[in-house]
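Here is a short briefing for a first look.

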Amino acid sequence: MTTSSELALLSAAEISQAVRTGELSPVETTAATIDRIEQRNPTLNAVTYKGYDDARTRARDLESRIVRGEDIGVLAGVPSLMKDLFGFKPGWPATLGGLSALRNTRADTWSTFPARVEAAGSIVVGQTNSPAFGFRGTTDNSTVGPTRNPFCPDRNPGGSSGGSAAAVADGMVSIAGATDGGGSIRIPSAWSGVVGFQPSAGRVPFVTRPNAFGTSCFLYEGPITRSVEDSALAMTALSGFDPRDPLSLDDTVDFMGALTRGVRGKRIGYTPDYGIFPVEAQVRDTVATAVRVFEELGAIVEPVDFEIAVSQQELSDMWSRTTALGVHETLASLAADGTDLRSETPQELPASMMQWVDLVPTLTVDDLIRDQRMRTHVYDRFTDVFATYDYIVAPTLACMPVLNGSDGDTRGPSQINGEAIDPLIGWCMTYFTNFTGNPSASVPAGLSNGLPVGMLVMGRKHDDAGVMAAIAAFEQARPWAHHYSIPGARSL
């Protein structure tokens with residue numbers, strides 16, 4: 001029998017290999033994972049729903065299939081977690097980030113992450129914490145409370161997929177699902193010291209109904225892992241065409257083959273701030289040191305000026321207006337179906353979010369056109385830069401992890417280096433790809449005072465394999481697995 005501590009040291013690739021060779025069984029991996037969650041989750045508040053009975057049933061079924069000689073998939077016997085926000089598994093809760101009025105709702109459809117990882121042999125054991133509607137870069141809500149950072153439990157792990165990132169960093173699972181409308185795969189990966197892979201728009205289908213076309217920025221599903229190899233394994237399972245997503249890409253990417261491609265001869269444009277963000281010195285310094293690793297690997301690294309003609313405050317306001325359209329639509333749909341969150345549980349809808357949502361009915365066509373022109377300007381600037389460079393590298397976030405609040409409303413800083421920023425999203429240097437559709441990933445750049453700093457690697461449109469190749473080369477040159485001894489040693 002594998003113990004929970006032994007399993008925590010294994011990657012998804014190692015677990016899958018051990019299950020395939022018979023060294024481990026799905027029943028063993030599931031039991032060890034459940035044991036570890038029970039030991040470690042109480043102090044982190046990362047896992048909010050425990051689907052243990054379903055997981056045990058699935059594990060026994062997979063074991064029977066293995067005995068019959070069936071190939072159960074690339075994630076054979078690998079336990080995983082899914083995010084409780086726009087993530088659906090039939091019979092499981094769908095609270096949209098801990099909303100109590102939805103605690104008894106049960107999904108009747110599948111979202112992409114649980115459907116495809118289970119098709120590849122994974123065992124989803126539960127759901128992870130998120131803020132209401134994911135409308136912030138931290139993980140906290142008034143019902144469940146904040147998730148805590150495994151590297152320092154007084155601090156937040158980032159959001160909105162903070163429960164997933166914290167669980168992976170803490171060794172509860174090796175793979176967890178995340179969604180991303182402004183950086184929610186990459187933000188918590190940066191603060192939690194893990195790998196967050198955000199694919200190109202359409203690479204992993206994002207299926208929404210009743211509005212398949214959406215009203216906001218590009219939305220993504222993707223994996224959070226501790227190693228790049230596990231990220232490639234997860235993306236192998238997750239990517240692929242689905243006609244229900246109007247943006248779905250109908251081609252095949254060799255993510256595993258990308259792991260050994262390297263970056264020799266590639267051109268990298270490096271920016272510490274995109275010319276518009278205030279960035280804390282310890283973040284700037286850590287990433288400036290990390291990016292030089294690419295030069296050691298044979299890439300050409302040069303500073304790049306984006307010449308963005310609008311301020312970071314204008315862009316974060318535009319993100320908030322655009323994202324509020326989707327929240328407004330969801331609230332209206334829920335009300336039409338008999339759950340009026342505005343009247344039933346208004347105290348659980350953060351005022352900082354509702355100020356934008358309540359603005360939606362007042363927006364004019366000219367307002368919407370103005371925002372799309374601003375977004376087009378950003379798109380054009382990134383297109384121009386990618387005409388010269390294969391990759392853009394930058395800090396993932398402008399600041400270090402913040403302390404958790406006690407009111408269910410933890411937010412980021414309201415200023416950095418004396419410059420005012422939006423505490424919801426203004427310190428998150430991630431939302432550009434939600435405007436443009438480019439693939440990107442956050443990887444650990446290093447530690448500063450014992451806390452993780454993330455580095456963002458962005459690729460050209462649809463070059464997901466290129467991003468995977470770059471972060472794999474970086475990990476090989478600057479491995480970070482030893483960092484997990486810090487959460488491993490934390491007090492329970």
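The sulfur of Cys-217 lies 13 Å from the closest cysteine sulfur, that of Cys-428, which is too far for a bond. This is a predicted model: local features need pLDDT of at least 70, side-chain atom pairs count only at pLDDT 80 or more, and totals for chains, interfaces and linings use all residues. Residues are numbered from 1 along each chain as its sequence is written, and side-chain values use heavy atoms, without hydrogens and water.

**Cysteines**
- The count is 0 disulfides (a disulfide is a pair of cysteine sulfur atoms within 2.5 Å).
- Cys-152 is in no disulfide; its nearest cysteine sulfur, in Cys-399, is 14 Å away.
- Cys-217 is buried at 6% relative accessibility, while Cys-152 is partly exposed at 22% (buried is under 20% relative accessible area, exposed over 50%, partly exposed in between, with a 1.4 Å probe and protein chains only).

**Aromatic rings**
- There are 16 aromatic pairs (rings of Phe, Tyr and Trp, the last by its six-membered ring, with centres within 6.5 Å; planes under 30 degrees apart are stacked, over 60 edge-to-face, the rest tilted).
- Phe-135 and Trp-319 form a tilted pair, 5.3 Å centre to centre with 55° between the planes.
- Both Phe-135 and Trp-319 are buried.
- Phe-382 and Phe-432 are also a tilted pair, with centres 5.0 Å apart and planes at 40°.
- Phe-382 is buried at 1%, and Phe-432 is buried at 1%.

**Helix pair**
- Helix α3 (residues 26-40) and helix α4 (residues 52-67) pack at about 160°, axes 8 Å apart (helices are DSSP runs, H or I, of at least four residues, numbered from the N terminus; axes are lines fitted to C-alpha atoms over the stretch in contact, and angles run from 0 to 180 degrees between N-to-C directions).

Terms used. Helices (H or I, at least four residues) and strands (E, at least two) are DSSP runs, numbered from the N terminus.
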